Amino acid sequence: MSRPARCWGVWLAVLSLSACVSPPPRRPAALVQGERFLTLGVAAYSADDYLNAASLFGRALEYYRGLDDRGHIVESRIDLAETALAVGNFTAADGQLQAARQIADSDGMAQAQQRLSLLQSTLAIRRGQYALAAQQLSPLLSSADTEADIRSSALANRTDIALHRADDPPAPWLERFAAVVRDAHDPLLEARLLRFQAELKERGGDDRAAATLLRRALGRYKSIPNRAGTAATLEQWGALLAAQRQWAAAADRLQRALDVRLWLLDRAATVADLRRMADVNEAAGHVARAAALRRWAGVVAGRGAVNWSGLRQEVLPR
Amino acid sequence: MAQPNHEQRIHYIHGLSYTTQERVVGIFVLAAMAVILGLIVVNGRTSHLFESHVVYHAFLKNAQGISTESVVKVSGIQVGRVASIDIANDNRVRLTFYVYKRYHKLIRTDSKASLSKLSVLGKASINIEAGSPSAPVLPDGAALTIEEPLSLDELMAELTPVMTKVKQVVEGLSALVQAVNPNDVKTTSRELAQTMVNMRAISQQIASGRGAVGKAVFDAKEEQNMAQSLANLNAMLRNANRRLVEVKPVINNAVSISASGRDMAKQLNALTLETTQLVDQMNTAMGTVNVELQQLPELVSRMKALMDSTDRTLQGMQRIWPLSSALPPQQESTEIKARPADE
């Protein structure tokens, strides 16, 4: 066959192929509407727009309750719990997790149960209940059926727990987590590993190596970008610098972390940052500023409304 | 010098042989093209593509809601479409629309056209009343007068004088009510009531044959006592005269009240008339607005259906090569990805 004829053949083949394409499958409108709420909610969550995310997940939950779609009810509650955890509302997260757990247990939803155990361990870690967190993770880490992303997150949580408990050596957990991270090729997990390694280096007295690892972790988080990870790294770095009595540098890292936390509207983390900043300022001799920071920490820790712009104006430099 | 090659050159097409595969592909392509042509013919927008039509013009003050998507209807049947919209020399909107030839006979010189009321909400159509068969057919290129519905602004402008009238009526009523002293009315009505009681007592006495007058009327034996009775009558008349003197201001008051009441009744009558007109006008205005508002839910539903349809079309296009490789379908997740604590 000559060249022009071959070209014509290809062109005709393309035409015939395009004519044979099937239309996308048509799904019931009731299912599509609920999924639209969830999809938009996940998109809002990914953009750190937790207010809209919570609203959309709430609408999805109401919608699925109206359909008695228990699988999606659990899914909506999991998303709501994630959102509540992101803004440091532990009570709301706990409520959603318990309600979801009830359905998942009674209907035998194995996958949802794994996810709920992971989230309950995260909630326990955020509350400082490390023994309870370890207990929640135990079945996830011992089962071979645990999904890959849940297993890797569970290992990260378990390493975190070990670093907070004196009687729990973190090295074995860190090794297992590092092995998972090597296969996962996930920049978020890689950054978390770097932070764990920095923590161990700091404990070993190698502050310089710890700072290098934290700088690398910060770079990873910013390349994604991931606000919560960025703030957590800055907080860890601030603590490292404070331990070295480098008050100005520590205050700078904590202030940057506070900026991110305020953007995220994470009240629990904001309170923690304000208290850390107060400690650093007090140690540096800035007593009045330390007092102002402690006062704001008390205001944010309370349940009342917070004048966020007032806080920014007083605490953060323009 | 070399002789030129005189061997006859044959076009490549004569050297091709049709394989079964090529024939199959050819059938596929022809079938696809036939389907496309069929769709073009069946499609609402293009079904009249090859149909001949006549063109008319119209001039409008306001072309709100009109676009080249707007349809032309006669007795509810779509007979054409708006072709173009531009501005005439006198700054009016010049509308060019066409009507399919087979409906041409419906458009007569006495046909009246109007814009649908939905033009206010951006969904207008041109409705033409079929003319009388005796009238001549409106020729191609002629201008047709289109009756325009009121815009929202004009509707509101129409309501303004009505509201002014309401205000005036309310003010007049208020002045009227303030002019009447409640104490005067109270005193007058009390005096009138007392007078009526006295009059009733007198008439009862006469009717029952009691008293001087009564006996004089009903008993003949008493005739001889007339002199005496006359004296009594005289006294009674004096008494009655005194009563009448007492009643006179009351009657004067009653006359005055009656006059005021007549004036008030006249004013109330005018007020009632104006109120009735006002209510009628408001009903008309609200009816028009209501018709427009009733279309809103339908518009929203249609818009949603259209968006869904567009989404589906785009999804379908994404499945066609080479778009499918350049634009892979978006993986939309409904669950937040599992993450470790502190992330």
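Colleague: Which residues have the most contacts inside the largest nonpolar core?

Modeller: This is a predicted model, in which local features need pLDDT of at least 70 and side-chain atom pairs count only at pLDDT 80 or more, while totals for chains, interfaces and linings use all residues. Residues are numbered from 1 along each chain as its sequence is written, and chains are lettered from A and ligands numbered from 1 in the order in which they are written. In soluble globular proteins, nonpolar side chains tend to be buried together. A nonpolar core is a set of buried Ala, Val, Leu, Ile, Met, Phe, Trp, Tyr and Cys residues joined through C-beta atoms within 7 Å, where buried means that 20 or more other C-beta atoms, placed from the backbone, lie within 10 Å of the residue's own. Here the largest core has 87 residues, and those with the most contacts inside it are A:Ala60, A:Ala81, A:Phe177, A:Leu214, A:Ala217 and A:Met277.

Colleague: Which helix gives the largest share of this core?

Modeller: Helices are DSSP runs of H or I with at least four residues, and strands are runs of E with at least two, numbered from the N terminus. The largest share, nine residues, comes from helix H3 (residues 50–67) of chain A.

Colleague: How many residues does each chain give to the contact between chains A and B?

Modeller: Two residues are in contact if their C-beta atoms, placed from the backbone, lie within 7 Å. Chain A gives 40 residues and chain B gives 26 residues, with H1(A) giving the most to the chain A side, 10 residues.

Colleague: Which strand of chain B is joined to E4(B) by eight bridges?

Modeller: Two strands pair if DSSP finds at least two bridges between them. Strand E1 (residues 53–60) of chain B runs antiparallel to E4 (residues 93–100) of chain B, and B:Val54 has B:Val99 as its bridge partner.

Notes:
A residue is buried if 20 or more other C-beta atoms lie within 10 Å of its own, exposed if 12 or fewer, and partly exposed in between; C-beta atoms are placed from the backbone.
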